[in-house]
Number of protein chains: 2
Amino acid sequence: MMKYSRQREAIKEYLMERRDHPTAEMVYRDVREANPKISLGTVYRNLSLLVSLGEIQKICCGDGVERYDANVSPHYHYHCTCCGRVMDVPPEQAPPSPIRLREDFPEEVEGCTVLFHGTCRDCKEKSEKTG
Amino acid sequence: MMKYSRQREAIKEYLMERRDHPTAEMVYRDVREANPKISLGTVYRNLSLLVSLGEIQKICCGDGVERYDANVSPHYHYHCTCCGRVMDVPPEQAPPSPIRLREDFPEEVEGCTVLFHGTCRDCKEKSEKTG
DNA sequence: GCAATAATAATAACCATTATCATTATAAGA
DNA sequence: TCTTATAATGATAATGGTTATTATTATTGC
């Protein structure tokens, strides 16, 4: 039986008001301002719990740090391999979801993640200035 | 200037003859049979090097272990969240690649990864037997 | 062959995440 | 409201995959 926790609520609310996709460390840094005694372990524990409850989703882009997104409706992400930022791909600009495979694929498909990558416009402009 | 290395060749050849997607630890375990003195650091260094040369690709499915694939032509993967296996989605069963975004997406897209997930048929059957 | 230097083996260090555990907070019943 | 049961926390240690370090070895060009 799950009990209410002020810390979990703060983490969830923080994620919901962000449009980017913070890492656990960022969540810890920012949630700590209003909850100075919260511990990093509590952040990790609640992020995992919220993921398993389906209230948030974890984004993995292979750079060694997980990111978290309170928007669990299906959408694509873009990862800048230069600055590390992860952004949403606006749905109207995304191609149709490839989430369904034909019935003859033997394995059961429960979900699908789509991750684009490249060097974002900001990084491109910076490197052009630097030469 | 890059020099030839027997170890790097062995790692590349090993990956090319596998149809699954071994982890660095698996590469180490198996390549060591023919190269008993190879070190795990050498495996990691060469896997990274081969990735940056574009000769192999790294697959990240968010379970904390990276996998490697000598097939660099675009294709989709399926990750069983139960047994951890990663398999190729047969191209004829995959939906069309969503690799191109419309031109008005401001960021530059260099690539795209698509990862399906679920409980594979083998795991499903096992859990049915267990009850 | 011989010098220059890239790559290796062995090992230590790193660091994001998870586990441990005594303490605190929450929920439910008397 | 007091009490009890137990979920959740904070502090910290441990884990484990990956990377860095460094003396030594292997490869390349002359």
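This briefing covers the DNA contacts, strand pairing and aromatic contacts of the structure above. The model is predicted. Protein chains A and B both contribute to the surroundings of DNA strand D, where A:K3, A:S5, A:T42, A:R45 and B:Y44 are the closest of 19 residues. Around DNA strand C there are 20 residues, and A:Y44, B:K3, B:S5, B:T42 and B:R45 come nearest.

**Surface near DNA strand D**

- Sugar or phosphate accounts for 80% of the atoms of DNA strand D that lie within 4 Å of the protein, and bases account for the rest.
- Three elements each supply at least two residues of this surface: α1 (6-16) and α3 (40-52) of chain A, and α3 (40-52) of chain B.
- The largest share comes from α3(A), with three residues.
- By class, the residues of the surface near DNA strand D are six nonpolar, seven polar and six charged.

**Backbone contacts to DNA strand D**

- For A:K37, a backbone N or O atom is 3.1 Å from a phosphate oxygen of DNA strand D.
- For A:I38, the corresponding distance from a backbone N or O atom to a phosphate oxygen of DNA strand D is 3.4 Å.
- For A:S39, a polar backbone atom lies 3.1 Å from a phosphate oxygen of DNA strand D.
- A:I38 is located in the loop between α2 (24-34) and α3 of chain A.
- With a relative accessibility of 7%, under the 20% cut-off, A:I38 counts as buried.
- The C-alpha atom of A:I38 is 7.8 Å from that of A:Y28, and the two residues are ten apart along the chain.
- A:Y28 in turn has A:R32 over the face of its ring, at 4.2 Å from the ring centre.

**Surface near DNA strand C**

- Of the atoms of DNA strand C within 4 Å of the protein, 81% are in sugar or phosphate and the rest are in bases.
- The residues of the surface near DNA strand C comprise seven nonpolar, seven polar and six charged.

**Side-chain contacts to DNA strand C**

- A:K3 places an N or O atom of its side chain 2.8 Å from a base oxygen of DNA strand C.
- A:Y44 has a polar side-chain atom 2.4 Å from a phosphate oxygen of DNA strand C.
- B:S5 has a polar side-chain atom 2.6 Å from a phosphate oxygen of DNA strand C.
- Two or more residues of the surface near DNA strand C come from each of α3 of chain A, α1 (6-16) of chain B and α3 of chain B.
- The most come from α3(B), which gives three residues.
- B:S5 itself sits in the segment before α1 of chain B.
- The side chain of B:S5 also reaches the backbone nitrogen of B:R8, at 3.0 Å.
- B:S5 counts as buried, with a relative accessibility of 17%.

**Strand pairing around β5**

- Strand β3 of chain A (residues 77-80) runs parallel to β5(A), and four bridges join the two.
- Within this pairing, A:H79 has A:H117 of β5(A) as its bridge partner.
- In β5(B), the bridge partner of A:H117 is B:G111.
- β5(A) is largely enclosed by the rest of the structure, because six of its eight residues are buried.

**Aromatic contacts**

- Over all chains, the whole structure holds four aromatic pairs.
- One of them is formed by A:F105 and B:Y78, whose ring centres are 5.6 Å apart and whose planes are at 75°, so the pair is edge-to-face.
- A:F105 counts as buried at 7% relative accessibility.
- B:Y78 counts as buried too, at 0% relative accessibility.

Note on methods: Residues numbered from 1 in each chain as written. Chains lettered and ligands numbered in written order. Predicted model: local features only at pLDDT ≥ 70, side-chain atom pairs only at ≥ 80, totals over all residues. Heavy atoms only, no water. Phe/Tyr/Trp six-rings, centres within 6.5 Å; stacked < 30°, edge-to-face > 60°. Buried < 20%, exposed > 50% of the residue type's maximum accessible area, 1.4 Å probe, protein only. Lys NZ or Arg CZ within 6 Å of the ring centre and 35° of its normal. Near = heavy atom within 4 Å. Polar contact = N/O pair within 3.5 Å; in protein donor to acceptor, adjacent residues only side chain to side chain. Nonpolar A, V, L, I, M, F, W, Y, C, P; charged D, E, K, R; others polar. Pairing = 2+ DSSP bridges.
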